[in-house]
Amino acid sequence: MQDRFPAQERFADGAQYIGGRLRHGTSGRTHSVVDPATGEEVFTYELAGADDVDAAVAAARAAFPGWAGSTPGERSDALHRFAAVLAERAEEFARAESLQCGKPLKLTREFDVPGTIDNTAFFAGAARHLAGQSAGEYSGDHTSYVRREPIGVVGSIAPWNYPLQMAAWKILPAIAAGNTVVLKPAELTPLTSLLFAQAATEAGLPDGVINIVTGTGQEAGERLVGHPDVAMTSFTGSTAVGKRVAEVATATVKRLHLELGGKAPFVVFDDADLEAAANGAVAGSLINTGQDCTAATRAYVQRPLYEAFVERTAALMETVRLGDPFAPGTDLGPLVSHVQRDRVAAFVDRARAYARVVTGGEVPQGDLKNGAYYRPTLIADAAQDSEVVQSEIFGPVLVVLPFDSDDEGIALANDTPYGLAASAWSRDVFRANRATREIKAGCVWVNDHIPIISEMPHGGYKASGFGKDMSVYSFEEYTQVKHVMFDNTAVARKPWHRTVFGDC
């Protein structure tokens, strides 16, 4: 276990990180982190209670004046040091993320951890560009300008599918803008969020700027969202839970940032490169074992290519190697838990009554039987209004449907409540450009599916939420706008005063 979890000794003093120090939770209940590849418990910790949330918010509130009052250059320097510490400890982060999530180590080494370091470096630069608007005389003898200021304490809730990256996406723009943060990670996957906060302290960020409370949504999460001293809530998770977050946050009229579910369409027109599209569909649907709200889940293929696409995609899925996340040859690890594995399997089992399961659709046995594994699954010929097309499965399952006209393909792509991401596959630039205009999603890739970059925004339309992660757009989400207006004259009574005083 030491090889799989070398950072275990870092949590000897508890799994709550408040005011720059670890402490044990006060709820009176414990929770275990389970290795989903083996089903073994690897770490047990005391869950946070309401008192822990209150203490974390108090620490963040106490740290806010000093951090908000620091110069952009000072915050930038701190984040550059933070990026350097993350780079030094990259292997430790990669192993902890693989252990708690079941991700293949090659994925955490090549995607999760480097992406987090890159995000940190990006916001280190962005911290120097907290700009309002230039001064101008817009009203008589008055000069106006706009300031962007930090909001205060931000309460953030991150999901279990990308615990390290989601923690970074929430914390980095907030602190770069001068806010302080209390983050609640999912209780299944708290390890890398805690390591992230410890690394920030090691890099010299002041105590209380980043705080972590590891508890349940019902207790710690609701207390954090409803806390009167929390000025903004940022949540990533399901649309159903997002609605509850919005309901609780409304009581204190705090700002909301919601990145919710997705059901990304993958639209293949009949002039597309079939081999490229099939490869893209497999990679885009199986990334992180399909536990990705931007993953390709609904492939709409124009009828001339439909059967060939189904055949080629199924053949490629059958080459994907399931195995131990720490083994070099593993392509696909387990789902995050047996509960999630069983949920995915139930979707597929119900679909057998109305669709064709082309490949997969089973729990592997043998050496993998104790883990939360599920074979890559391709489902064809489901109806547009069926459960597997409309609901977020969040597993290694791709559903393929045919369409005839371009109008129909785009209409089908838009025909779910979600709008987080999509892709269009075509050699015709005009056809592809039409798809990017008319598909209602926060990101539309052309002839690719899944890559993201720190400089560009991530966020959805419709039931996929509102607000952006990454990029300068997310940086601005964590600021409030103030109009400042100067009178440039020494006249005691202004012309507009006649509205109140008349000519007396």
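Which residues does Thr214 touch, not counting residues up to four places away in sequence?

Mentor: Keep in mind that this is a predicted model. Thr214 sits in the loop that runs between strand E9 (210-212) and helix H7 (217-226). Leaving aside residues up to four places away in sequence, Thr214 touches Ala15, Gln16, Tyr45, Glu46, Leu47, Ala48, Pro185, Pro190 and Leu194. One of these contacts can be described at the level of atoms: a polar atom of the Thr214 side chain lies 2.7 Å from the backbone oxygen of Ala15. Thr214 has a relative accessible area of 0%, so it is buried.

Gln100 belongs to helix H3. Its relative accessibility is 1%, and therefore Gln100 counts as buried.

Now the wider picture. The domain assignment divides the protein into domain 1 (13-131 + 144-260 + 460-483) and domain 2 (264-446). Taken over C-alpha atoms, the centres of the two domains are 30 Å apart. Contact between them involves 29 residues of domain 1 and 32 residues of domain 2. About 2,400 Å² is buried between the domains, with carbon and sulfur atoms giving 59% of that area. On the side of domain 1, Trp160, Tyr461 and Lys462 lose the most area to domain 2, and together they account for 22% of what that side buries.

Polar links also cross this interface. Between domain 1 and domain 2 there are 15 residue pairs in polar contact, both residues being at pLDDT 80 or more. The elements giving two or more residues to the side of domain 1 that touches domain 2 are helix H3 (90-101), helix H4 (105-126) and strand E20 (461-462). H3 supplies the largest share of that side, 5 residues. By class, the side of domain 1 that touches domain 2 holds 13 nonpolar, 10 polar and 6 charged residues. The rule finds 1 salt bridge across the interface. Lys106 and Asp331 form a salt bridge, with their closest N and O atoms 2.9 Å apart.

Key: Residues are numbered from 1 along each chain as its sequence is written. This is a predicted model: local features need pLDDT of at least 70, side-chain atom pairs count only at pLDDT 80 or more; totals for chains, interfaces and linings use all residues. Side-chain values use heavy atoms; hydrogens and water are left out. Domain bounds come from an automatic or database domain assignment. Contact means heavy atoms within 4.5 Å. Buried area is the accessible area (1.4 Å probe) that two parts lose on being put together, summed over both. A salt bridge is a side-chain nitrogen of Lys or Arg within 4 Å of a carboxyl oxygen of Asp or Glu. A polar contact is a pair of N or O atoms within 3.5 Å; within protein, one must be able to donate a hydrogen and the other to accept it, and residues adjacent in sequence count only if both atoms are side-chain atoms. Helices (H or I, at least four residues) and strands (E, at least two) are DSSP runs, numbered from the N terminus. Ala, Val, Leu, Ile, Met, Phe, Trp, Tyr, Cys and Pro count as nonpolar, Asp, Glu, Lys and Arg as charged, and the others, Gly among them, as polar. Buried means under 20% relative accessible area, exposed over 50%, partly exposed in between (1.4 Å probe, protein chains only).
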